[in-house]
Amino acid sequence: MKIFLDTANVDEIKEALEWGLVDGVTTNPTLISKTGRGFEEVVREILELVEGPVSLEVVSTDAEGMIREARRLSELGENVVVKIPMTEEGIKAVKVLEGEGIATNVTLIFSPTQALLAAKAGASYVSPFVGRIDDISWDGLTIVREIREIFSNYEYQTQIIVASVRHPKHVLESAKMGAHICTMPFKVLKQLFKHPLTDVGLKRFLEDWEKVPQKPF
Ligand code: G3P
């Protein structure tokens, strides 16, 4: 499973890239606004750092406006993927943009049939928001499982990006069900490293090593 970082924070991206585990980055208007920086400044910095796909979201709500924005965004880098909201206008835009060779990521997916429409329109990616579905007492991961089943029934090439990830269990279940990509906040990626028995085990090894009379270096 590919791991994307769901952030626009350049320091987080730099640190995670050092681990060699980040395959791409996803942003949205909220994440950009959290940086307190200008859109173009922050996005250009991200694109310099990241080789894999970087999702940048349009803010227009009509197809024409989305297409115009997407064309401009795609000029910022070859790895730009344009995030388009799951609306009738959005789906129209996806069809046009994919026809022009501009990769799209249909965002704000909350049902398997929304994902089906996006795949039929030729979207490169769909982003089901699992955490926000859980927030309304439904099961976000069930939606992902259903999308996976539909896509494999018809051999759609659209890749699933599990988004709105809140904790390591979302990552575990995404990997178990074979989601192509899981995009997660930096905090969740850090949590994946952790296990208390790893810390206890390492501490004990280092203490015992101190008792060895002759050490090689
Ligand atoms: O990038 C879209 C998605 O991951 C948003 O997550 O936590 O705002 O629901 P969240």
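Mentor: Start with a term. A pocket is an open set of points on a 1 Å grid over the protein atoms alone, where a 1.4 Å probe fits and protein lies on both sides within 12 Å along at least five of seven lines. A molecule sits in one if more than half of its atoms lie within 2 Å of its grid points.

Trainee: Which pocket does the ligand take?
Mentor: This is a predicted model, where local features need pLDDT of at least 70, side-chain atom pairs need 80 or more, and totals for chains, interfaces and linings use all residues. Residues count from 1 along each chain as written, and side-chain values use heavy atoms, without hydrogens or water. The space that the ligand takes is the largest pocket.

Trainee: How many helices and strands does the protein have?
Mentor: Both are DSSP runs numbered from the N terminus: helices are H or I of at least four residues, strands E of at least two. The C-alpha trace spans about 75 × 40 × 30 Å along its principal axes. The secondary structure comes to eleven helices and eight strands.

Trainee: Is S55 buried or exposed?
Mentor: S55 belongs to strand β3, residues 54-57. Buried means under 20% relative accessible area, exposed over 50%, partly exposed in between (1.4 Å probe, protein chains only). S55 has 2% relative accessibility, so it counts as buried.

Trainee: Which side chain makes a polar contact with the side chain of S55?
Mentor: S55 touches V25, T26, T27, V81, K83 and N105, leaving out residues up to four places away in sequence (contact: heavy atoms within 4.5 Å). A polar contact is a pair of N or O atoms within 3.5 Å; within protein, one must be able to donate a hydrogen and the other to accept it, and sequence-adjacent residues count only if both are side-chain atoms. At 3.1 Å, the partner of the S55 side chain is that of N105.

Trainee: What is the relative accessible area of V22?
Mentor: V22 lies in the loop between α1 (10-18) and β2 (24-26). Beyond its neighbours within four places in sequence, V22 contacts I3, L5, A16, L17 and L189. Its C-alpha atom is 9.5 Å from that of E51, 29 residues apart along the chain. V22 is buried, because its relative accessible area is 14%.

Trainee: Is L108 buried or partly exposed?
Mentor: L108 is in strand β5, residues 104-109. L108 is not a glycine, yet its phi is positive, near 65°. Its relative accessibility is 31%, so L108 counts as partly exposed.

Trainee: What is the phi of S137?
Mentor: Find S137 in the loop between α7 (130-135) and α8 (140-154). With 67% relative accessible area, S137 is exposed. S137 is not a glycine, but its phi is positive, about 65°.

Trainee: What percentage of the 217 residues count as buried?
Mentor: Take the contacts between residues at least 6 apart in sequence: 57% join residues at least 24 apart. Of the 217 residues, the buried share is 45%.

Key. On a 1 Å grid over the protein atoms alone, a cavity is a set of points where a 1.4 Å probe fits but cannot get out, and a pocket is an open set with protein on both sides within 12 Å along at least five of seven lines; lining residues have an atom within 4 Å of a point.
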